[in-house]
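Look at the sequence and the 3D structure below.

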2 protein chains.
Amino acid sequence: MLNTFVLGSTKVKMSPQQTEPGAPRNAEWVETRRAALQRYVNRTAQHPVLRVDLDFINFLESDQELPRAVNTATLSGAGVMRLFNKVGETVNKITYKMDESDPWFDEKITEVENLDANLQKLHSALKSLVNTRKELSALTGLVAKSAAMLSTCEEHTGLSRALSNLADVEEKIELLRSEQANSDFFIMAEFVKDYIDLFSAVKSVFHERVKVFQNWQHAQLQLSKRRENRGRYELANRTDKLEQAQQEVEEWQTKVQRCQQQFDDISTEIKKEMERFELNRIREFKINTMKYIEDQMAHQQQIISYWETFIPSAREIV
Amino acid sequence: MLNTFVLGSTKVKMSPQQTEPGAPRNAEWVETRRAALQRYVNRTAQHPVLRVDLDFINFLESDQELPRAVNTATLSGAGVMRLFNKVGETVNKITYKMDESDPWFDEKITEVENLDANLQKLHSALKSLVNTRKELSALTGLVAKSAAMLSTCEEHTGLSRALSNLADVEEKIELLRSEQANSDFFIMAEFVKDYIDLFSAVKSVFHERVKVFQNWQHAQLQLSKRRENRGRYELANRTDKLEQAQQEVEEWQTKVQRCQQQFDDISTEIKKEMERFELNRIREFKINTMKYIEDQMAHQQQIISYWETFIPSAREIV
């Protein structure tokens, strides 16, 4: 179970959308990746089991250079893509349907799937917003440049100075709009994306439980068969086969018990883990939203102060 | 001269960019046209000669329905386009070059052409800015919608309420961004466009002066020829032709005087008119800039207040 959770998080790290194989690894890509890895490490450090994991502690405390990731380096980008697509297909093919004895799981998986679908819509809207903000920033720069050029051929001193100051203001706003785009991207879009990836990990965990359930069902079926065998030998009085048949029944009884235990364990563990996950999700959403509001208000305030500095030269035009 | 100025302004009213023949005349088009006509009427009302023109006063004070513009209505959009393109070609073909005795005109036309070229660049940058702001407004609406949908399937009460409030805030910001786009459009882009059109009218007026100059030159040439004729008749002692020749010389002398007077008048009138135009231009730029700054600051302040109302529900998530 923990392994799956960790595996899920590893998928977050490696997800093809983030590595975008074939695309040039520019400064923006590096910064996005750096921020994503930082969030990943932070989340791992907050997990009660993972935070005390020796490998994790060694990784954090090591002052040696990290070993080169030989396997990923030799795998081509397209190869990694194929690999993940394959994993994705397999997961998608397996249905979550099972004779569910605990309604909590049915409700939870429906909830997770709804949230996931809506988060994906929100993420796509946020991504477009980020791109358009970047475009707006570039166009503000173009307005700044045009105003600066106009100021050089304006003969009226007051108007020329005002145009030049307008160009300065628009240039500052250009930079600020670029910061706003970053704020939308790193605080909101990437945060939502993390949760899309985490929900995908959650789905894998639910799927893992279905597999454990299927093992248990299989063991029960085998136990029934072994019991039938034993019954047949008893009726036929085949004492020579009976001991072997009894042994097999006991073997499968143990297996059924172990599988049931595993199923109970994973069910309990998932509930516990989901509770922690949900608390974190709400807490993280709150922190990010507060940070986003602060950023938004600070940016607007900054723009106001830029315009304020422009007022005197506008008043002094004539 | 005044006719040309008025004609120039009429061209502002009728310019093909504004009517966009073939395009559907939607509410946005009507509003743009309404605002442009209002600015046109205001500018006309500020002109010392035009404001006392009887036709203009009748137009303003009439409480009867305006006659239908039969000619423009029967002319197809494409026809109007062709008409203006033709006028434009003719104007472009005629050079402003002439033996300029007054350096003021050379300097002024260079200044006007520089300003015009740079205003066109600024206008094109502003138009892109307006479009991108509109796009940003629509995308903000999409984020609002996604947040609202997410809130309906969020089981956590605090987070669900916060998402719903976030949707409200983003919806208000969507409207505000649309207002910002309008502010960019009506206060800046359309204002700059008016001046591009007015500079085109100014160029026509300068061109009118070149035509008057050419008439004067032509009259002087004719006068020289008539004097030569008279000289030839005097030498040949052709008294029978002399009276007629003398009459022609006097005729052209009058014409030369009239043309020179016309040229002096138009030159003086242009300088006077340009002074008024320049003063208005600076004054209007100041008024518009102040209005723009006010709008910008009010919009940012409004966005801050929207985010402020969101803080409590973000704080109350957990």
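In which loop of chain B does B:Asn237 lie? B:Asn237 sits in the loop between helix 8 (157–235) and helix 9 (239–315) of chain B. Helices are DSSP runs of H or I with at least four residues, numbered from the N terminus.

This is a predicted model, in which local features need pLDDT of at least 70, side-chain atom pairs count only at pLDDT 80 or more, and totals for chains, interfaces and linings use all residues. Residues are numbered from 1 along each chain as its sequence is written, and chains are lettered from A in the order in which they are written.

**The loop residue**
- In chain A, A:Asn237 lies in the loop between helix 8 (157–235) and helix 9 (239–315).
- Most residues other than glycine have a negative phi.
- A:Asn237 is not a glycine, yet its phi is positive, near 55 degrees.
- B:Asn237 also has a positive phi, of about 55 degrees, without being a glycine.
- A:Asn237 is exposed, with a relative accessible area of 61%; exposed means over 50% (1.4 Å probe, protein chains only).
- B:Asn237 counts as exposed too, at 61% relative accessibility.

**The two copies**
- Two copies of a chain are related by a rotation about an axis and a shift along it.

**The interface**
- Of the interface residues of chain A, 100% are also interface residues in chain B, so the copies meet through the same surface; contact means heavy atoms within 4.5 Å.

Terms used: Side-chain values use heavy atoms; hydrogens and water are left out. Helices (H or I, at least four residues) and strands (E, at least two) are DSSP runs, numbered from the N terminus. Buried means under 20% relative accessible area, exposed over 50%, partly exposed in between (1.4 Å probe, protein chains only).
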